[in-house]
Structures are given as C-alpha cells and as structure tokens.
Amino acid sequence: MAGDRSTLRICMVAHNAYGALAGSVRGHIGGVEWQTSLMAKQLVRRGFQVVVLVWGEGPAGDETTCDGVRIIKMCRQTEGLPGLRFFHPRWSSLTRALARADCDVYYHNSAECVTGQIALWCRRHGRRFVYSVASDMDCDVALPDLPGLRERVLYRLGLRRADRIIAQTRTQQAMLRTGFGRDSVVIPMPCAGPRSGEYVPVSPPAVGPPRVLWVGRIAPVKRVELLWDVAAAMPDVCFDVVGPLEPETVYTREQCRIAGDLPNVTLHGRIARERMPDLYRQASCLCCTSRFEGFPNTFLEAWSYGIPVVSTFDPDGLIAERGLGVAASDVAGLVRGIRGLLASPERWREAGDNARRYYSENHTVEAVLPRFEQVFREGLRSA
C-alpha cells in the first residue's frame with residue numbers, strides 16, 4: 001500500500017493556485033490559493049513530498065516544479081464544450097492528474113463539486129482524503145454558495161466520504177456537526193508574517209492623514225459598498241482598496257464609479273504580493289465589510305504586522321474577546337470603531353500588541369503545520 005512508505009506524500013488539489021505558487025499576479029488568487037501555496041512549500045521544507053494539481057496555465061508543459069513543489073497541470077479552465085466540459089476535459093483530466101500524483105493523502109480546501117470527485121477517486125483507489133473548510137458558507141446546510149444541484153450533490157458526497165475534516169473555527173465545527181453530522185478538528189490556518197527578529201511594532205502615523213486598508217474581491221459577498229459609506233462619513237481619513245477589478249460586471253463597474261467620486265478613496269486594483277507589507281505597515285487598521293467569511297487571510301496578515309482589524313465579521317468572536325480591533329454590525333459601528341482607535345494611541349497600541357501576540361501564538365507556520373501533519377497521518381492510519 002502507498003501509505004507504507006517512509007516519506008508521506010501529499011497531493012493538494014487547488015485549481016487556481018498556479019499564480020500563487022509561481023508568484024504571478026494573474027488569474028484568481030484568494031486566501032485559499034495563498035494558503036495552499038504556503039502550506040505546500042513549507043511541507044516540502046519539512047521533508048514531505050508535495051504535489052499540487054492546478055488548471056493548465058503558465059508556460060507550456062503539463063508539469064513543472066516550484067520551490068520543491070511538484071505541480072501537475074490539468075486542462076485549461078476554458079477548454080472543452082459548454083455543457084460537456086464538466087465531464088471532459090475537467091473531470092477526466094482531474095482523474096488522470098490524481099492518478100499521476102500517486103500520493104498517500106489527498107487534500108482539498110473549499111466547497112466545490114471537486115470535493116466529491118476527489119473523494120470518489122480516493123475511495124475507489126484506497127487513498128485517504130482530507131477536506132478543509134474555507135468559509136462558513138461551506139458549513140451551511142443550505143449551501144447558498146453552491147446554486148447548482150450537481151455541485152451540491154457532489155460536495156455533500158465529498159463531506160460524507162472524507163476521512164478527516166478540518167474546520168477553521170468552532171462555529172464551523174458546530175455547523176458541520178449540526179447540519180451534516182460530521183465531526184471535524186479545528187486548526188487555524190498558517191500565515192507567513194514577519195518573524196520575531198524581523199517584527200517592528202507599527203506606530204500611528206505622525207504625518208499626514210491616517211489610512212485604512214481594505215483588501216478583497218470587488219464582489220457582492222464582500223459588500224465593499226459599505227466601505228464607501230464609511231469613507232463618505234470620514235473625509236479626513238484615506239482609504240486604500242486592494243483587489244482585482246476584473247471580471248468586469250455591472251457590480252464592479254458601479255462600485256468603481258462610486259469610488260471614483262470619493263476623493264479619499266484610492267483603488268489600487270490587483271497589486272504584486274511583495275507590495276502588501278508596505279500597505280499593511282502604513283495602515284492604521286484593516287477594515288472588513290463582509291457578512292460571511294471563513295477566517296480571512298487578510299486578518300492574519302494584518303495581525304502579523306500588529307495592525308488592528310475593524311470588521312463586520314468576527315470569527316468565533318475573537319476580535320471582541322481578544323481585543324484584536326473592533327467588531328461592528330453596520331456602517332455606524334465601523335465608523336465608531338475606526339474613530340475610537342484613531343482617537344486613542346494607547347487603545348490602538350494595545351489592540352496592535354494583542355493582534356501580534358494572537359498571531360504569534362496561533363497562526364505562524366511553526367505553530368500550525370505540525371497540527372496539519374498530524375491530521376494527514378491520522379487520515380492515513382484510518383485505512
């Protein structure tokens with residue numbers, strides 16, 4: 001059996017992760033993709049063999065290597081005939097890539113039809129499957145983010161047949177148990193922030209107006225329109241908005257138009273990863289306007305730099321409980337939260353210190369990766 005080998009081989013299926021792995025700014029790169037890339041490269045450094053399956057993009061060739069991670073490319077995302085491409089080439093190329101990876105444990109993060117497809121293949125071929133929750137919506141029994149019957153059926157099948165399930169919060173863990181009858185283990189996601197010797201506490205800006213950072217997709221689920229109301233109510237504060245402005249939709253066009261009429265809002269669009277630390281360091285806080293999330297990678301990045309978060313989404317109540325910023329429920333609450341932090345350097349510094357401490361104790365690679373390794377090995381032993 002494959003699991004008898006001394007070196008654990010892990011296959012991570014993340015269709016959109018090529019850009020994050022290769023350092024590109026093209027294509028969809030969200031928190032799932034960055035975390036997959038980070039985990040894959042760090043697991044390699046810890047002595048594991050890691051394969052990541054991605055869409056067919058980038059330079060020619062169906063396989064490449066990046067920082068020790070073996071990358072196998074499936075079909076192109078746009079390949080095939082509409083209506084038929086679900087089965088071929090998408091499902092067929094996934095099946096071929098799963099076999100070609102030839103790993104002990106297969107890992108997938110995010111609710112998709114792919115969850116069930118991987119689970120079916122693993123069950124048929126005697127391999128172990130570990131599923132990781134990406135969002136609270138993945139745990140909602142109604143599956144509001146999966147409108148298609150085919151996607152819902154396959155995702156539910158994947159949940160049922162997963163050998164191990166990882167949740168990011170206790171809330172997700174309870175939702176999975178209540179809605180799907182599945183147990184899970186709560187493991188925080190890793191984030192590669194400044195190490196102890198590199199970390200320099202950020203000070204409130206002494207010159208110029210304070211800056212508030214917002215990072216995410218310009219999409220209805222992120223509710224960036226709330227930020228425009230916050231910006232309109234705080235003309236003395238600058239707002240930096242980072243995130244892809246494509247694909248162009250009626251919603252993105254309207255939001256960009258509104259932002260263009262606000263003199264204190266800067267739309268940066270998509271920017272290179274190496275520029276993000278400067279934006280965090282110059283920000284007084286990170287603002288989140290989402291109603292639902294998983295555990296935003298942007299929170300972890302901000303906290304790693306000692307930057308408080310003012311948010312309408314508070315995972316497990318951590319922001320309020322640990323003093324990591326301010327939890328709000330509406331625009332007025334966001335404005336009060338930001339104003340309160342800006343008005344009190346002591347309160348701002350305390351929230352920043354709490355944020356950095358929470359990150360260091362819970363989300364560094366050194367704190368998180370051993371827990372993932374344990375789940376991978378437990379999944380293998382469950383055979």
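**Aromatic pairs and nonpolar cores**

In this predicted model, the count of aromatic pairs comes to 12. One that I would like to show you is formed by phenylalanine 295 and tryptophan 303, whose rings are edge-to-face, with 6.2 Å from centre to centre and 85° between the planes. Both partners are buried, phenylalanine 295 with a relative accessible area of 7%, and tryptophan 303 at 0% relative accessibility. Another pair joins phenylalanine 372 to phenylalanine 376, and here the geometry is tilted, at 6.3 Å centre to centre and with 50° between the planes.

Let me turn to the cores. The largest nonpolar core has 84 residues, and the residues with the most contacts inside it are Tyr107, Phe239, Trp303, Phe372 and Phe376. Helix H14, residues 365-381, gives the most to this core, namely seven residues. There is also a second, separate core, of 35 residues, which includes Val51, Leu53, Leu94 and Ala119. As for phenylalanine 239, its contacts, leaving aside neighbours within four places in sequence, include Val212, Leu227, Val230 and Ala231, along with Asn264, Val265 and Thr266.

Finally, two rings have a charge over them: the charged end of arginine 150 sits over the ring of phenylalanine 86, 3.7 Å from its centre, while that of arginine 356 sits over the ring of tyrosine 199, at 4.2 Å from the ring centre.

Methods:
Residues numbered from 1 in each chain as written. Predicted model: local features only at pLDDT ≥ 70, side-chain atom pairs only at ≥ 80, totals over all residues. Heavy atoms only, no water. Core = buried A, V, L, I, M, F, W, Y, C linked by side-chain atoms within 4.5 Å. Buried < 20%, exposed > 50% of the residue type's maximum accessible area, 1.4 Å probe, protein only. Helix = DSSP H or I, 4+ residues; strand = E, 2+ residues; numbered from the N terminus. Contact = heavy atoms within 4.5 Å. Phe/Tyr/Trp six-rings, centres within 6.5 Å; stacked < 30°, edge-to-face > 60°. Lys NZ or Arg CZ within 6 Å of the ring centre and 35° of its normal.
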